[in-house]
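Subject: Structure handover

Hi,

Here is the structure for you to look at. My notes on it follow below.

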Amino acid sequence: MPSPIGESLPSETVSTALKAGWAWKIPLTSRFGNGYVYSTQFCTPDAAEFELREHLGLLESPTPARHLKMKIGRVTKHWNKNCLAVGLSQGFIEPLEATALLFIQQTATAFAECLDLGDLSDAAHDRFNAQVNEHFEGIRDYIVTHYKTNSRTDTEYWRANAANRNLSDSLKQLLSLWMSGKGIAAPVRQKALGKGYPVFSWYSIMSGMGIFPDRESLHPPKGREAQYRLGDIDNLLDRSTLNYRDHREVLANIPPRRMGESLQVYFW
């Protein structure tokens with residue numbers, strides 16, 4: 001459901017944990033887009049709508065809320081005979097990491113590479129499907145980590161997620177390595193573990209959730225590890241922000257496309 005936006009236009013989406021899931025708040029040019037991803041095992045649709053309205057300060061608002069159901073999972077064969085599943089036809093993982101466009105791009109890119117090679121064999125089908133499936137499972141593991149590492153104990157939903165033992169073998173290995181202090185950089189960079197995300201993303205989720213190895217396994221920084229000072233990094237970021245204009249001003253000054261001009265979209 002939408003909510004009003006003021007003159008100030010934020011440049012980021014805000015995700016907020018609620019009782020049985022999480023809410024997003026996405027700034028658009030004329031409004032905020034909002035949603036609540038929740039589990040019906042722990043919350044009814046009516047209770048979820050009430051909680052979202054309360055969260056947004058819209059309890060008395062006549063603005064309607066749309067209730068949608070998500071089917072989570074993926075197909076086994078994304079490329080099957082002369083058909084290619086792309087987008088929602090190939091699968092869906094909940095939007096916490098906003099990965100739908102990424103799946104479309106990577107699936108199309110991988111398929112184009114097969115066509116460039118002129119390889120449409122059964123073996124090429126198998127390699128392609130295995131590659132896409134590994135990407136799906138890597139994204140799933142990263143999203144599951146958000147829930148598994150939560151420290152909330154105020155609702156049954158969050159307690160159940162923290163107690164969840166239904167983890168993939170690869171995620172169990174990665175968490176075990178991290179907690180042992182042995183480091184995860186090598187297996188993640190080699191794409192043996194943590195597939196779908198760079199090692200910096202895994203550092204961010206673990207440290208951001210306050211998950212660190214036991215103190216006994218840590219050591220003082222040495223060599224290259226000692227070259228980073230958090231104060232200097234904060235100072236760099238503060239000075240860097242001075243180079244950027246107000247977000248609404250930037251959007252208002254994007255020149256319109258001329259007739260026949262192509263649109264280029266970049267992902268990173």
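Contact here means heavy atoms within 4.5 Å. On that basis, residues 24 or more positions apart account for 54% of the contacts in the protein chain with a separation of 6 or more. Please keep in mind that this is a predicted model.

Overall picture

The protein chain has nine helices and eight strands. Its C-alpha atoms fill a box of roughly 55 × 55 × 45 Å, taken along the principal axes. The chain runs to 268 residues, and 29% of them count as buried.

The core

The largest nonpolar core holds 42 residues. Which of them touch the most other members? They are Tyr-147, Leu-174, Ile-184, Trp-202 and Met-206. Helix H3 (residues 122-148) gives this core its largest share, eight residues.

Ile-184 deserves a look. Setting aside neighbours within four places in sequence, Ile-184 is in contact with Leu-174, Leu-177, Trp-178, Val-199, Trp-202 and Tyr-203.

Ile-139 is found in helix H3. Is Ile-139 buried or exposed? Its relative accessible area is 0%, so Ile-139 is buried; the cut-off is under 20%. Beyond its neighbours within four places in sequence, Ile-139 is in contact with Ile-93, Thr-99, Phe-103, Lys-195, Gly-196 and Tyr-197. Take Lys-195 from that list. Ile-139 and Lys-195 sit 56 residues apart in sequence, yet 7.3 Å apart in space, C-alpha to C-alpha.

Helix packing

Two packed helices are described by the angle between their axes and the distance between the axes.

H2 with H3. Helix H2 (residues 100-117) packs on H3 at an angle of about 160 degrees, and their axes are 10 Å apart. Angles over 145 degrees count as roughly antiparallel, so H2 is roughly antiparallel to H3. Their crossing is right-handed. On the H2 side, the contact is made by Leu-102, Phe-103, Gln-106, Thr-107, Ala-110, Phe-111 and Cys-114. H3 contributes Phe-128, Gln-131, Val-132, His-135, Phe-136 and Ile-139. By class, the residues of this contact are nine nonpolar, four polar and no charged.

H3 with H7. The axes of H3 and helix H7 (residues 199-208) come within 10 Å. They cross at roughly 15 degrees. That angle makes H3 roughly parallel to H7, because the cut-off is under 35 degrees. The crossing of H3 and H7 is left-handed. Asp-141, Tyr-142, Thr-145 and His-146 of H3 meet Ser-201, Trp-202, Ile-205 and Met-206 of H7. This contact has four nonpolar, three polar and one charged residues.

H5 with H7. Helix H5 (residues 169-180) packs with H7 at about 70 degrees, with the axes 12 Å apart. The range for roughly perpendicular is 65 to 115 degrees, and H5 and H7 are therefore roughly perpendicular to each other. H5 passes H7 in a right-handed crossing. From H5, the contact takes in Leu-171, Leu-174, Leu-175 and Trp-178. From H7 come Trp-202, Tyr-203 and Met-206. What classes do these residues fall into? Seven are nonpolar, with no polar and no charged residues.

Leu-174, Trp-202 and Met-206 in this contact are also among the core residues that touch the most other members.

Exposed loop residues

Two residues here have a positive phi and are not glycines. One is Lys-81, with phi near 60 degrees. Lys-81 is found in the loop between S6 and S7. Its relative accessibility is 69%, so Lys-81 counts as exposed; the cut-off is over 50%. The other is Ala-98, with a positive phi of about 50 degrees. Ala-98 is found in the loop between strand S8 (91-92) and H2. Ala-98 is exposed too, with a relative accessible area of 64%.

Asn-82 lies in the loop between strand S6 (79-80) and strand S7 (83-84). Asn-82 is exposed, at a relative accessible area of 72%. Where does the chain come back towards this residue?

Best regards

Methods. Residues numbered from 1 in each chain as written. Predicted model: local features only at pLDDT ≥ 70, side-chain atom pairs only at ≥ 80, totals over all residues. Heavy atoms only, no water. Core = buried A, V, L, I, M, F, W, Y, C linked by side-chain atoms within 4.5 Å. Buried < 20%, exposed > 50% of the residue type's maximum accessible area, 1.4 Å probe, protein only. Helix = DSSP H or I, 4+ residues; strand = E, 2+ residues; numbered from the N terminus. Axes fitted to C-alpha atoms, helices over the stretch in contact; angles between N-to-C directions. Left-handed = near helix turned anticlockwise from the far one by under 90°. Nonpolar A, V, L, I, M, F, W, Y, C, P; charged D, E, K, R; others polar.
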